[in-house]
Amino acid sequence: MPELPEVEVLVRQLDHLLRGRKVRTVKVRRRRVLGKTSPKKLAVALREATFTGVTRRGKFLLFNFLPAKTRTLSVLLGHLGMTGRMYLSPQDAPLPKHAAVVLDLGPENFIFEDTRYFGKFTLDTTPLARLGPEPFDKTFTSKKLAERLRNSSQPIKTKLLDQSVVAGIGNIYASEALFRAGVSPVTPARQLTPKQIKRLWTAIRQVLSQAIRFGSTVPLNYGGDNSKDNLFYFGTAAEASDFYEERLRVYDREGRPCSKCGTAIQRIFQAGRSTFFCVRCQN
DNA sequence: CACCATGTTCCTTG
DNA sequence: CCAAGGAACATGGT
């Protein structure tokens with residue numbers, strides 16, 4: 001489930017697992033995820049390189065590493081797309097069907113698997129330049145948000161998915177933030193009142209930080225299934241369903257009662273994607 | 001078979 | 001040049 005909160009929790013795990021680890025070899029099984037970087041270039045850059053840490057920008061993962069030869073700190077950009085996963089796996093474990101890139105770290109492999117291959121694992125960092133502010137950065141103010149919405153006639157839901165407005169919100173948390181703010185997803189961005197924008201600004205930060213907290217406390221799937229050792233994910237596991245109800249109030253709840261007023265949650269399509277909301281509580 | 005899915009980028013149109 | 005809309009990418013679940 002890769003939106004900002006899921007990426008943040010994963011990044012914390014990977015930072016811990018990869019810091020100080022050295023890469024022996026690089027296997028590229030799906031060229032497409034490398035984007036503009038050639039498999040050879042990636043292999044040369046990473047061979048004998050040491051990871052110095054993993055950080056996040058929007059939904060991107062930044063793998064900082066020290067190459068073997070140049071001694072110049074470099075960065076590898078990762079993105080999970082819709083279905084990407086990254087984890088460590090014992091070297092004798094069979095590779096998953098959709099392993100896109102495998103890094104041999106010695107006793108373990110770092111695996112980037114991605115069923116749909118929409119994700120990225122590349123030395124090309126140009127996508128970062130297009131990102132708007134981090135939701136928790138002090139530069140992301142209510143005023144800043146207002147500025148970015150002022151000239152747009154697009155529905156506010158669609159604008160929230162625009163990573164240049166604010167980085168990290170995806171289809172799930174866009175609906176959730178609008179519900180918390182009591183703002184209708186179909187409102188043209190430029191028509192939001194300052195009061196609504198302030199509520200939305202607060203809701204965005206609340207929804208995201210609550211999800212990070214949830215992801216940090218929910219039991220992680222590090223064992224049980226040998227083939228998924230050290231795999232992190234959360235959200236749909238049956239054990240988590242009790243939390244799930246609390247966590248997502250509108251997303252994927254079409255026809256079910258609004259948690260505030262009981263009215264059936266509606267689903268509409270905007271910019272080719274589903275939006276869920278309460279017609280009574282959001283206007 | 002039909003439709004839906006956590007995302008980004010590219011192309012076209014106005 | 002910019003904003004907006006839609007298709008493309010690729011695979012699997014229901």
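Start where the protein reads a base: an N or O atom in the side chain of Arg 116 sits 2.5 Å from a base nitrogen of DNA strand C, a polar contact (a pair of N or O atoms within 3.5 Å). This is a predicted model, where local features need pLDDT of at least 70 and side-chain atom pairs pLDDT 80 or more, while totals for chains, interfaces and linings use all residues. Residues are numbered from 1 along each chain, chains are lettered from A and ligands numbered from 1 in the order written, and side-chain values use heavy atoms, without hydrogens and water.

Now look at the phosphates. A polar side-chain atom of Lys 97 lies 2.9 Å from a phosphate oxygen of DNA strand C, and for His 98 the distance to a phosphate oxygen is 2.7 Å. Of the DNA strand C atoms within 4 Å of the protein, 69% belong to sugar or phosphate.

Next, find the open sheet: 4 strands in the order 2-3-4-8, with antiparallel pairing. Strands here are DSSP runs (E, at least two residues), numbered from the N terminus, and two of them pair if DSSP finds at least two bridges between them. At the edges are strand 2 (50-57) and strand 8 (120-122).

Technical notes:
Near = heavy atom within 4 Å. Polar contact = N/O pair within 3.5 Å; in protein donor to acceptor, adjacent residues only side chain to side chain.
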